[in-house]
Amino acid sequence: MKCIFCERSVIGSSDAVTVDGGAPSHRHCYHFELMSQRVFKNLKLKALTDYELQELGDLVKQEKNSRDESADMVELF
């Protein structure tokens, strides 16, 4: 069995995984492919519009700030 990304054997490899459709791959090859396609947890970032990407960025910042214990509460005017 060969990795669908690098064509090297996955037999006996400690980092072999099965990707969508049951194809064999090395974990690092699969991760590299996802990063190059800009996919995170089945969310295809390339498919987002500029507005959707901006909204996602704002949500990520908001979530990171809410998890930061050292940050003070936001002062509302």
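Trainee: Where does N42 lie?

Mentor: N42 lies in the loop between β3 and β4. Strands are DSSP runs of E with at least two residues, helices are runs of H or I with at least four residues, and numbering starts from the N terminus. A word on the background: this is a predicted model in which local features need pLDDT of at least 70 and side-chain atom pairs count only at pLDDT 80 or more, while totals for chains, interfaces and linings use all residues. Residues are numbered from 1 along each chain as its sequence is written, and side-chain values use heavy atoms, with hydrogens and water left out.

Trainee: Why is N42 called exposed?

Mentor: Exposed means over 50% relative accessible area, buried under 20%, and partly exposed in between, with a 1.4 Å probe and protein chains only. N42 has a relative accessible area of 75%, so it is exposed. N42 also has a positive phi of about 65° although it is not a glycine.

Trainee: And what makes K41 exposed?

Mentor: Its relative accessibility is 71%, so K41 counts as exposed. K41 sits in the loop between β3 (39–40) and β4 (43–44), and its phi, near 50°, is positive too, in a residue other than glycine.

Trainee: Why does Y30 count as partly exposed?

Mentor: Y30 has 26% relative accessibility, so it counts as partly exposed. Y30 belongs to helix α1 (residues 27–37). Leaving aside neighbours within four places in sequence, Y30 is in contact (heavy atoms within 4.5 Å) with F5, V17, V19 and S25.

Trainee: How do you know that D15 has no salt bridge?

Mentor: A salt bridge needs a side-chain nitrogen of Lys or Arg within 4 Å of a carboxyl oxygen of Asp or Glu. For the buried D15, the nearest side chain of opposite charge, R27, is 5.9 Å away. Lys and Arg count as positive, Asp and Glu as negative, and His and the chain ends are not counted, so H28 is left out as a partner here.

Trainee: Which side chains does D15 join through polar contacts?

Mentor: S13, at 2.5 Å, and H28, at 2.8 Å. A polar contact is a pair of N or O atoms within 3.5 Å; within protein, one must be able to donate a hydrogen and the other to accept it, and residues adjacent in sequence count only if both atoms are side-chain atoms.
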